[in-house]
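Hi everyone, thanks for coming. Today I'd like to talk about aromatic ring pairs, so let me put the structure up.

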Amino acid sequence: MAQIPTAPAPSTTNPSAPGAASPTTAARRWVALAVLMLPVLLVSIDNTVLSFALPQISAALEPGGTQLLWIVDSYSLVLAGLLVPMGSIADRVGRRRLLLTGAVGFAAVSAVAAFAPTAETLVAARAALGFFGAMLMPSALSLLRNVFTDRSERRLAIAIFASGFAAGSAVGPIVGGVLLEHFWWGSVFLLAVPVLVLMLVLAPIYVPESRDPAPGRIDPVSIVLVMVAMTAVVLGIKTLAEGEVSGVAEMLLGLGVGAVFVRRQLRRPDPMLDVRLFRHGAFTGSVLVNLLSVFSLVGFLFFVSQDLQLVIGLSPVQAGLVLLPGTVTMVVAGLSVVRVVRRVRPASVVATGLCVSATGYLVTALVAGRGEAGWIAAAFVLLSLGVGMAETISNDLIVSTVPPAKAGAASAISETAYEVGAVLGTAVLGGILTASYQASVVVPDGVAAADAARAAETLGGATNVAAGLPAEQATVLLDSAHAAFGSGVVTTSVIGLVAVLVAAVVARTTLRRVTS
């Protein structure tokens, strides 16, 4: 059985070697890892906290159902479109430099988002966060690839790095819940500021600069093409999820532009993205496993965070604690799998883990609408187990297949898969859930037209309207809204179940020749 080829490690003994990491002691390498995990924690905290803040945002800004999805998606949509270009730019101008630039911008825009007066302003601020966030993620992972040149040491570092997403998911709801119970919803965005300030102080000290030693020219045409392709495809999927057939045309446009982008990369002597990497089955399979795993995770969090708070009636902190066992499981699974894959083939480990994850969605579908937090906690533990294992292994395989000089581009592909998965998780599962809710909810007679429209748009809108109605009307409205939401959860859970099983099949098929 063939082993995934790994590129020669960059020199760590010659500081002048092009593109090489500066000489570091073991202690400094692990400190560098801690510093590079700060933006990872930030991104995961930001996504999770936002999900738990949606009920308060719905009450304060009164967004429609589509606006509510855009508040979540605008960040990931811009981020996904820019990750590959930013990864390529980082290879050329310096990965640490771009990381620090993104940190400054992200912190500044976070403050703007915290005080957004309207839903439209918040959507715009989230899009701006996506622009600067695209500078953070590929730079962090590619710097990690150049700091840890030993394969076994790097695999552990990537496992810890990947577990940062789960750790952020665990910390986010609890810290964010405290903020949401004592301050306004915008306070959750201010969490980014101290994290990034700390990184700005420590990164120049502990993280060595690295770049491609022989970079090509920046290709503006390729940047535009990949942005248009990514945006059109994701918009098309969102539109289809909302029941609009125009999404087909948008998807076809995106695929057509994507084909032009691929042809351009194949013809250029110095492509922005080396698409030939996708000829390697394990690389392509790892990217798909990454995408589908995140799709299932983010889609689950989108509806469960609302279920726990708006249906069961838990506070943000209580809802975060319900999901804490699952996030801890994700961290432990991600770290433990490093030892497991030394003895068991990655294909078997990932496929088995994802099959366990599928049972999490099965449990969710079976108990939807019962209002039992314990079953939701159990379902999330099952889902998190496989996702934690899959994320660690897929990220390790993605960055191990490329030369160190191209680490930025490969890291960008990995992060693009993550963010596209996050966008699609919200767009597809969130869109179907919203459409199902709107088709099923029944607003009782006698409710003012404006309030009836709000109640029929989202569960958060129905909850807010019910608070101002007489007791009998409020009970009828909430019963209908909860039933409609529960019906939507069943549908989205089935789709999530299928996505996880597809990821398991992809892993079993494409990684079967990979040895540990």
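Predicted model: local features only at pLDDT ≥ 70, side-chain atom pairs only at ≥ 80, totals over all residues.

Residues are numbered from 1 along each chain as its sequence is written, and side-chain values use heavy atoms, leaving out hydrogens and water.

The structure holds seven aromatic pairs. Rings of Phe, Tyr and Trp (its six-membered ring) pair if their centres lie within 6.5 Å; planes under 30 degrees apart are stacked, over 60 edge-to-face, and the rest tilted.

Take Phe115 and Trp184: their ring centres are 5.3 Å apart with the planes at 35 degrees, so this pair is tilted. Phe115 lies in the loop between helices H3 (95-114) and H4 (119-147), and Trp184 in the loop between H5 (151-182) and H6 (192-206), so the pair ties together parts 69 residues apart in sequence. Helices here are DSSP runs of H or I, at least four residues, numbered from the N terminus.

Phe115 is exposed, at 55% relative accessible area, while Trp184 is partly exposed, at 34%. Buried means under 20%, exposed over 50%, and partly exposed in between, with a 1.4 Å probe and protein chains only.

Now Phe300 and Tyr361: with centres 5.7 Å apart and planes at 80 degrees, the pair is edge-to-face. Phe300 belongs to helix H9 (residues 281-311) and Tyr361 to helix H11 (residues 346-367), 61 residues apart. Phe300 is buried, at 1%, and Tyr361 is buried at 1% too. Ring pairs also bring in Phe380, linking Phe300, Tyr361 and Phe380 into a cluster.

How values were computed: Helix = DSSP H or I, 4+ residues; strand = E, 2+ residues; numbered from the N terminus.
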